[in-house]
Amino acid sequence: MSETILDRFVSKVSQSVTEIVVAYLLAFIAGGDSLQLAKIVLAIKLNVFALPLSWTPALRLPLWCWYVTAVLWLRQWLLLSGYSTSEAVGQVERYVGGETA
């Protein structure tokens, strides 16, 4: 079935709200200042293009922040690819489990 414009809009808004809330929680746990929040939001929105900046003071974050950010990147990729989470998990389990057809 094709998604309606409203479904896509709700999905995008939900994704953005989730990313902002997670970024706020990460910033609160990591140090609590607004600069930390800006760094985390930038890292989430830049996706993998933020990795080269991770070596600079512009996006220097604790390693656990990068882990959570990477999980959000995977979620973004799933939403853009059209795969459901269960389909992606099933494929990973088949590759890891070594199932052969």
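Colleague: Before we start, what counts as buried here?
Modeller: Buried means under 20% relative accessible area. Bear in mind that this is a predicted model.

Colleague: Fine. Is N47 buried or exposed, then?
Modeller: N47 has 12% relative accessibility, so it counts as buried.

Colleague: Where is N47 found?
Modeller: N47 lies in the loop between α2 and α3, and α3 covers 63-81. Its phi is positive, about 60°, although N47 is not a glycine.

Colleague: Switching to the helices. At what angle do α1 and α2 cross?
Modeller: Roughly 140°. Helix α1 is residues 5-30, helix α2 is residues 34-46, and their axes come within 8 Å. That angle makes α1 oblique to α2.

Colleague: And which hand does the crossing have?
Modeller: The crossing of α1 and α2 is right-handed.

Colleague: Which residues make the contact?
Modeller: From α1: S16, E19, I20, A23, Y24, L26, A27 and A30. From α2: Q36, L37, I40, V41, I44 and K45.

Colleague: How does that contact split by class?
Modeller: It has 10 nonpolar, two polar and two charged residues.

Colleague: New topic. How many salt bridges does the structure hold?
Modeller: One. The side chains of E19 and K45 meet in it, at 2.6 Å, N to O.

Colleague: Where do the two partners sit in the chain?
Modeller: E19 is in helix α1 and K45 is in helix α2. They are 26 residues apart, so the pair links distant parts of the chain.

Colleague: What about E19, buried or exposed?
Modeller: E19 counts as buried, at 2% relative accessibility. K45 counts as partly exposed, because its relative accessibility is 47%.

Conventions. Residues numbered from 1 in each chain as written. Predicted model: local features only at pLDDT ≥ 70, side-chain atom pairs only at ≥ 80, totals over all residues. Heavy atoms only, no water. Axes fitted to C-alpha atoms, helices over the stretch in contact; angles between N-to-C directions. Helix = DSSP H or I, 4+ residues; strand = E, 2+ residues; numbered from the N terminus. Parallel < 35°, antiparallel > 145°, perpendicular 65-115°, else oblique. Left-handed = near helix turned anticlockwise from the far one by under 90°. Contact = heavy atoms within 4.5 Å. Nonpolar A, V, L, I, M, F, W, Y, C, P; charged D, E, K, R; others polar. Buried < 20%, exposed > 50% of the residue type's maximum accessible area, 1.4 Å probe, protein only. Salt bridge = Lys/Arg side-chain N within 4 Å of Asp/Glu carboxyl O.
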